[in-house]
Amino acid sequence: MSGLEDLYREIILDHYKSPRNQGRLESPPATLEEGFNPLCGDEITVSVLLEDEIVTDVKIDGQGCSISKSSASLMSAAVKGKSLRQIATIVRTFKSMMSIPEDEAIPFVGPDDPSNASDPPILSEAEMGELIALQGVVKFPVRIKCATLAWNTFSLALKKAQDAKIAPSEAP
Amino acid sequence: MAQVSTTLTSSELTPTSAIRREDFPIFNEVEQKPFVYLDSASSSQRPLVVLEAMDRYYRSTHANVHRGVYRIAEEATALYERARTHLGNFIGAPDPSREIVFTKNATEAANLFVQGLGRRRLDATSTVLLTHLEHHANLVPWMILKEQLGFAIRYIPLTDDGRLDLSDLDQLLDGVSLVGVSLASNVLGTINPVAAIAERAHLAGALVFGDGAQFVPHNTTNVVELGIDALCITGHKMLGPTGIGALWARHELLEEMQPFLGGGEMIADVRLDGFTPNVIPYKFEAGTPPIAEAVGWECALSYLESIGMEKIRHHEVELTRYALSALEEGLGDAITIFGPRDPESRGAVISFELKEIHPHDVSQLLDQEGVCVRAGHHCAKPLMRQLGVAATARASLYLYNGHEDVDALVGALQKCQAFFR
């Protein structure tokens, strides 16, 4: 089971059994986004509270396998309290772990933003913290979709929150 | 454990008598040990004779069908048409050489029927009756046509043990013109009482389309005895190749149906102002058909017949009986098995849930033990919602599976439970 040990490291099992930041935030002021994985029927709702360019709260609601639930939990812990710029780096780091092409733009970062450029910063292994547990997923290609569901849904929720803030006046 | 039938001798019908694993190269050649294949409801494996028949065809006989007047083109045509007639006979079609339309798979056959006949028979005032346990292939084609024509769709509900609830059938059939029902469920294994449904549907003036994808590979099939009007099937679930399926429909319905795919072969004449369709069944076979696949499928039919569908069914019933009790004994409260408990009224398809372990995780851990099962919604999302689950794990058995495969499944599930405890 050596490959499996990689996939289901203790951190993953811990976040699966005791997921962080579960539930939904009141909307408004929070923004909600739903995500589906048609492959396995998993459904997720991510709530995001964006205040002054900081994600002050995030909550995850939904059903999923251990990879999808723990990835969501790990993500929520990693992004909570972080700025948009920091989160962009975290998302890039995750995508690079999943071998997702770097030219894929992050929705909540403007196309002209330097962090959406071709050679963006990513976290070093030392900076990753528990997120490093997700590294094993890439060896199991069919599970990458499980791991990415929460991240994609979160990115769209954040984009929505940002648009709602920008809408009244032009972005700074 | 197994009670043998009295119609055949016990040596012919021990539970393992249909196992001919040595006929299937994959069990020796797959680069995985152990290899416990429990996903035949998704796609079966194929015996060497089928592979050889297709190889021989490509090596010695291939030419396009219905075109050339040279020798091998005629031979290829003869083989292709022989496959058609054989398949017609295999399912008891009254007019086997005219009533089988080859398609890409059962899904395409369903789409062909729904579009072909639905456009003739349905309008905004019509009603179609389906069931809650249909595969997406017998749901979405109707929904697509519904969006275009605006008819109503009703559904036969399920009982708690996963059978069709026919208590209000006559009411449900009131005003219905077409009924779509699977002969056997790909999730619950339930074998539906299609003959009874067809009888009552006909009394109500409705036609019945059967989805035979999960039934025909495992049971003796006779469309006349079933009393249905059309049936879709697929080759790769019954030891044949992928890329070929078929629609059977009574020939007068095929005559009535609109062409579905346009192109070569399906026409009798083409002018700049229009076309005249070919006669049935060619009217529905646009373009070069899957010829080698038809040759392979025919060989698979012969292989199945050489064993006997009755014997295959008996083997599966006994193996399912064994599996249901082994799973419950081995996993106790930790496992929930969906569908009817009586092996006689179901196919060898067992969907289950392990307590607090997602089917994706179950399937991944089973894979580590060499056990191949399917995890997911099995293209039956409405049914998943009925069962109150997002997904299930599903083990499905066929003639090459035996007790040892079931034992491997139970052992792997126990390991899986221990891993997540």
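What follows is a short exchange on cysteines and aromatic rings in a predicted model.

Visitor: What are the ground rules for this predicted model?
Guide: Local features need pLDDT of at least 70, side-chain atom pairs count only at pLDDT 80 or more, and totals for chains, interfaces and linings use all residues. Residues are numbered from 1 along each chain as its sequence is written, chains are lettered from A and ligands numbered from 1 in the order written, and side-chain values use heavy atoms, without hydrogens and water.

Visitor: How many disulfides does a search of the whole structure find?
Guide: Zero, over all chains. A disulfide is a pair of cysteine sulfur atoms within 2.5 Å. For A:Cys65 the nearest cysteine sulfur, in A:Cys146, is 3.9 Å away. For B:Cys372 it belongs to B:Cys416, 15 Å away.

Visitor: Why is A:Cys65 called buried?
Guide: Its relative accessible area is 0%. Buried means under 20%, exposed over 50%, partly exposed in between (1.4 Å probe, protein chains only). B:Cys372, at 18%, also counts as buried.

Visitor: What makes B:Phe24 and B:Phe27 an edge-to-face pair?
Guide: Their ring centres are 6.4 Å apart and their planes lie at 70°. Rings of Phe, Tyr and Trp (its six-membered ring) pair if their centres lie within 6.5 Å; planes under 30 degrees apart are stacked, over 60 edge-to-face, the rest tilted. So the pair is edge-to-face. Both residues are buried.

Visitor: Why is the pair B:Tyr398 and B:Tyr400 edge-to-face?
Guide: The centres are 5.7 Å apart and the planes at 70°, so edge-to-face applies. Ring pairs link B:Tyr398 and B:Tyr400 into a cluster that includes B:Phe24 and B:Phe27.
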